Every structure is written in structure tokens, then in C-alpha cells.
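This report describes a single protein chain. The sequence and structure are shown first, and a commentary follows.

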Amino acid sequence: MSAFNTNPWFQSLPPHAADALLQAAVPVSVAAGAFLFRQGDPMDAGSLAFFGVASGVLKLSIFNAEGDEAILALVEPGNWFGGVSTLDQQPRGHCAIALEDAEVLGVSVERFEALMRDAAFAGAIARLVAARLRLAYGSLAGAALQGTRARVARRIAALAHGDMSQAAQGRANISTSQDALSMMLGISRQTLSKELQALVKLGAIRLRYGHIEIQDMALLLEASEAGAD
């Protein structure tokens, strides 16, 4: 379970709470392209509800009635997710889909509720949900107040830090397609291509097939703070 040991949230758990979480979980294999859960899935005591990614990558997506997809986040190894639906036991508000063969750990609603009786674990879950809300609010504010280029730069910088995990140490190479990135931002592929090329000319990034290389994080962050066009 080395993936979890490097995750900032999991590292913050007291040893007894981390051990209890791992003991409460069962392994689940998810093939590339398969759904771990679907938007609208109901929750009951036996449902696997809170998940940790041991290997592989999943995307959290929502679909409209016409089948159009918006990607909310990428979930990389070490991250735990599903806390909101586990807490309120309302139907899932989004889907979780494996982008590649993945192994996850799943905790049922019943066992999650037992874990929540421990104050240290409950506090950690509150911090995890608050951090995810902060990221969501930041994305909404960026969409309302910033130009498209700044939003693109901001999302690339977030991906460099693990998207959901937001690790302190960023990485220089991001594995993602431009189609996926456009669905994360809710913009057309053509608009994304234009803004990526502008960031290339700036010297912030370099484009490779299926990858984005960050050449200068300072320049990328500067672009991410720009106001509306």
C-alpha cells in the first residue's frame, strides 16, 4: 500500500486511524473503461462507498441527458474519494470511470460509519471534504473571473500537483490527452489548442503526444493568475 503512504491526507491520519481504514477496506479491480460507480447509483449500508486508489487512474465525470461528458477530476494512486455520498447517503452525483486498469480499496457505508465514531478519523474526513470544496470553489471562481488561458494554466498546474491530492511537490510531466483536458475545462478542443500553443510560446510548457511537459512552473503560475481576457 505504498501509494497511500505518500498521500498528504493519508499521511495526516494517526496510525491507529490509518490502520483501521485499511482493515475496513476490500480490494476491487476495475478494468480500463469500466465504471466503479455511476451517476445516480443509490447508497445503502452494504454499498462500497469510500474508495482509495492503490494503482491506476480514474476520472470523476458527470453526463447530461444528451450524453455529453464533463470531467471533474482525475484520481491518482494514493487518493481517497467518495466521502460526500458516504456522509449524506444520497445517490451518487457523478461517475467514477477507470482510465486504465486500476486497483482500488472500497469501504462500505456501514464500516465507514463505524470508522466515523473515532474523532480523529471524523476530523480527517471533515478536512478532506473541506479541501475538495475549496478546490471546487477555486475552479468556479476561475471560470467566472479569469480568462480561458489562465484557466488552462491553472488546471495544468493542478494536474502537476496530483489534481485531487495537491501534493506539495509538483511534477514536470503530465500524462493527459487534450480531449480529456478540454472536458475538464468545458471548452472546445480548438480553443484549448490555441491556449496551449500560447503557453508554449511563453515558454511555460512543451507539448508531447499524450503528455504536457512543464518547462517553467513560475511562468505557468503567473499565467494562471491572469485576469479575464
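## Confidence and basis of the model

Confidence in the protein chain is lowest in helix α6 (residues 119–145), with a mean pLDDT of 76, and highest in strand β1 (residues 26–30), at 97. Here pLDDT is the predictor's confidence in each residue, on a scale from 0 to 100. The chain has a mean pLDDT of 87, and 90% of its residues reach 70 or more.

The model is predicted: local features need pLDDT of at least 70 and side-chain atom pairs count only at pLDDT 80 or more, while totals for chains, interfaces and linings use all residues. Residues are numbered from 1 along each chain as its sequence is written, and side-chain values use heavy atoms, with hydrogens and water left out.

## Overall composition

The secondary structure of the protein chain comprises 10 helices and 11 strands. Helices (H or I, at least four residues) and strands (E, at least two) are DSSP runs, numbered from the N terminus. Of the 229 residues in the chain, 43% are buried; buried means under 20% relative accessible area, exposed over 50%, and partly exposed in between, with a 1.4 Å probe and protein chains only.

The accessible surface of the chain comes to about 11,300 Å², and carbon and sulfur atoms account for 54% of it. Accessible areas come from the Shrake-Rupley method with a 1.4 Å probe, and for residues only the protein chains shown count as cover. Among contacts (heavy atoms within 4.5 Å) between residues at least 6 apart in sequence, 70% join residues at least 24 apart.

## Nonpolar cores

The largest nonpolar core has 24 residues, and those with the most contacts inside it are V152, I156, L181, L196, L199, I205 and L220. Such a core is a set of buried Ala, Val, Leu, Ile, Met, Phe, Trp, Tyr and Cys residues joined through side-chain atoms within 4.5 Å. Two or more residues are given to this core by each of β5 (69–75), α7 (148–160), α8 (178–185), α9 (189–202), β11 (211–214) and α10 (217–224). The largest share, six residues, comes from α7. Apart from this core lies another, of 20 residues, among them F4, W9, L128 and V129.

Beyond residues up to four places away in sequence, V152 touches L185, I187, L192, E195, L196 and L199. In α8, the buried residues are A180, L181, S182, M184 and L185, and their cover includes β5, α7, α9 and β11. Just after α8, G186 takes a positive phi of about 70°.

## The four-stranded sheet

Strands of a sheet pair through backbone hydrogen bonds, either parallel or antiparallel. Four strands form an open sheet in the order β2-β7-β4-β5, with antiparallel pairing; two strands pair if DSSP finds at least two bridges between them. Each of β2 (35–37) and β5 stands at an edge with a single partner strand, so one side of each is left without a neighbour in the sheet. The twist averages 30° from one strand to the next, with axes as lines fitted to C-alpha atoms (for helices over the stretch in contact) and angles from 0 to 180 degrees between N-to-C directions.

The antiparallel pairing of β4 and β5 extends over six bridges, and S61 stands opposite I71 in β5.

## The three-stranded sheet

A further open sheet has three strands in the order β9-β11-β10, with antiparallel pairing. Its edge strands, β9 (173–175) and β10 (205–208), each pair on one side only. Neighbouring strands are turned by 20° against each other on average, direction ignored. β10 and β11 pair over four bridges in the antiparallel sense; L207 has I212 in β11 as its bridge partner.

## Selected loop residues

D68 is found in the loop between β4 (58–63) and β5. With a relative accessible area of 48%, D68 is partly exposed. Not counting residues up to four places away in sequence, D68 touches I62 and F63. D68 and M183 are 115 residues apart in sequence and 9.3 Å apart in space, C-alpha to C-alpha.

E76 lies in the loop between β5 and β6 (80–81) and counts as buried, at 16% relative accessibility. Leaving aside neighbours within four places in sequence, E76 is in contact with V53, G56, V57, G162 and R171. Q89, in the loop between α4 (83–88) and β7 (95–98), has a positive phi of about 55° although it is not a glycine. Q89 is partly exposed, with a relative accessible area of 32%.
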